[in-house]
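Hello,

Here is the structure I promised to pass on. My notes follow below it.

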Amino acid sequence: MGEYIGLDVSLKETAVSIRREGKRVWRGKCASDPQLLAALIRKHAGEVVRVVFETGPLSIWFFHALSAEGLPAICIDARHAKAALDMAANKTDANDADGLAHLAEVGFYKEVRVKSFDSMLARTLVAARTRLVRIGTELSNQIRGLMKTFGLVVPPASGSKFERQVEALLAGNADLGRIIRPLLEAWHAVRLRAAELGRKLLADARRSDACQLLMSIPGVGVVTATSFITAIEDPTNFKRSRSVGAWVGLTTRRYQSGEIDYDGHISRRGDSHLRGLLYEAATVLLVRSRSECDLRKWGLQLRERLGFKRAAVAVARKLAVIMHTMLVTGEPFQETRASA
């Protein structure tokens, strides 16, 4: 019989529990460093079968680092682990590690697919650019709000035009200018950095055949295509394209017990950022696109019957299925389906 190990990972220390033949044989703490943990595990466990830890901020680093050390690392869904860990009388890191080791031993867990560092690098690029764009929007709104207090209303504009209008309004108010101009300079710097990341994102997408393929869909741009590919990684991770919609959280919940059986709102599980991008792409397809593809026609028909929001969610779910199918087959988007 080998050893089963549970790790309760935190930022500074990690609680470790080792079980063998149904009993705990050792537990303790170690600094949250995969190399130190690997050395500790080898010292106290001769035949490691599983090393289990929950999803969290450090889970990707721990998984790849422990795997590189030759340990059978397994990352499990924190939501599934919580139900078992809550049965302990006292909530402590040591008890959580014991619970995770017990789950590893009995095999009662749901393993999570851990993304590669390359995928996370692309996702970090998208997240950094998105954050800078939001900061720029917040700064411009702050500038508008502060200037309204003094009767200076900035007309609707963006980019360099917004900057010129603010400077024109501040020309006769030196005291206010000393307050607003630092904000304006910060807004300008943030826009420059966001543009730099945007150019890098576009350059990477142009070198990716998969991104170019997905961008043939009306409403799907660089950010959505890149985010979808880095989230899916290998299309063979999903046996059926229909499973992608549920994985992103765009399928309805169901509650059934005895005589009660009803469907609720969408589950909103999985990647919230990707789900929002798919909803945004569906909105663009329904509202702004001039394409006459079958997907848009179907969405507009749903909008007439169910309303815009439900129709957009349905189109977003359909987009997820279509995009996965395109990655599997390598075929471009077909605006109209061939009639039999």
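**Strand pairing**

Strand β4 is joined to strand β5 (residues 73-76) by 4 bridges, and the two run parallel. Phenylalanine 53 stands opposite cysteine 75 in β5. Strand β4 (residues 48-54) also pairs with strand β1 (residues 3-9), again in the parallel sense, over 5 bridges. There, glutamate 3 faces valine 48 in β4. Please keep in mind that this is a predicted model.

**Salt bridges**

The count comes to 16 salt bridges.

Glutamate 69 bridges to arginine 42, with the closest N and O atoms 3.0 Å apart. The pair links distant parts of the chain, 27 residues apart: glutamate 69 sits in the loop between α2 (59-68) and β5, arginine 42 in helix α1 (residues 34-44). Glutamate 69 is partly exposed at 27% relative accessible area. Arginine 42 is partly exposed too, at 44%.

Arginine 123 pairs with aspartate 271 at 2.8 Å between the closest N and O atoms. Arginine 123 is partly exposed, at 22%. Aspartate 271 has 15% relative accessibility, so this residue counts as buried.

Glutamate 167 and arginine 181 meet in a salt bridge of 3.2 Å, N to O. The former lies in helix α6 (residues 159-170), the latter in helix α7 (residues 174-206), 14 residues apart. Glutamate 167 is partly exposed at 31%, and arginine 181 at 29%. Separately, salt bridges with shared partners join Arg24, Arg27 and Asp98 into one network.

Helix α13 (residues 308-329) has 22 residues, which should span 32 Å at 1.5 Å a residue; the end C-alpha atoms are 31 Å apart, so the two values agree. Glycine 330 follows α13, with a positive phi near 80°.

Which residues does serine 241 contact, beyond its neighbours within four places in sequence? They are Val321, His324 and Thr325. Serine 241 is in the loop between α9 (222-232) and α10 (242-248). Its relative accessible area is 18%, so serine 241 is buried.

**Surface**

Tyr255, Ile260 and Tyr262 make a nonpolar surface patch of about 320 Å². Tyrosine 255 belongs to strand β6 (residues 252-257) and is partly exposed at 43% relative accessibility. Glycine 276, in helix α11 (residues 272-287), is partly exposed at 35%.

Best wishes

Key:
Residues numbered from 1 in each chain as written. Predicted model: local features only at pLDDT ≥ 70, side-chain atom pairs only at ≥ 80, totals over all residues. Heavy atoms only, no water. Buried < 20%, exposed > 50% of the residue type's maximum accessible area, 1.4 Å probe, protein only. Patch = residues over 30% accessible without salt bridge, like charges linked within 9 Å, V, L, I, M, F, W, Y side chains within 5 Å. Areas by Shrake-Rupley, 256 points an atom, 1.4 Å probe, with all protein chains shown as cover. Salt bridge = Lys/Arg side-chain N within 4 Å of Asp/Glu carboxyl O. Expected span 1.5 Å × (residues − 1). Contact = heavy atoms within 4.5 Å. Pairing = 2+ DSSP bridges.
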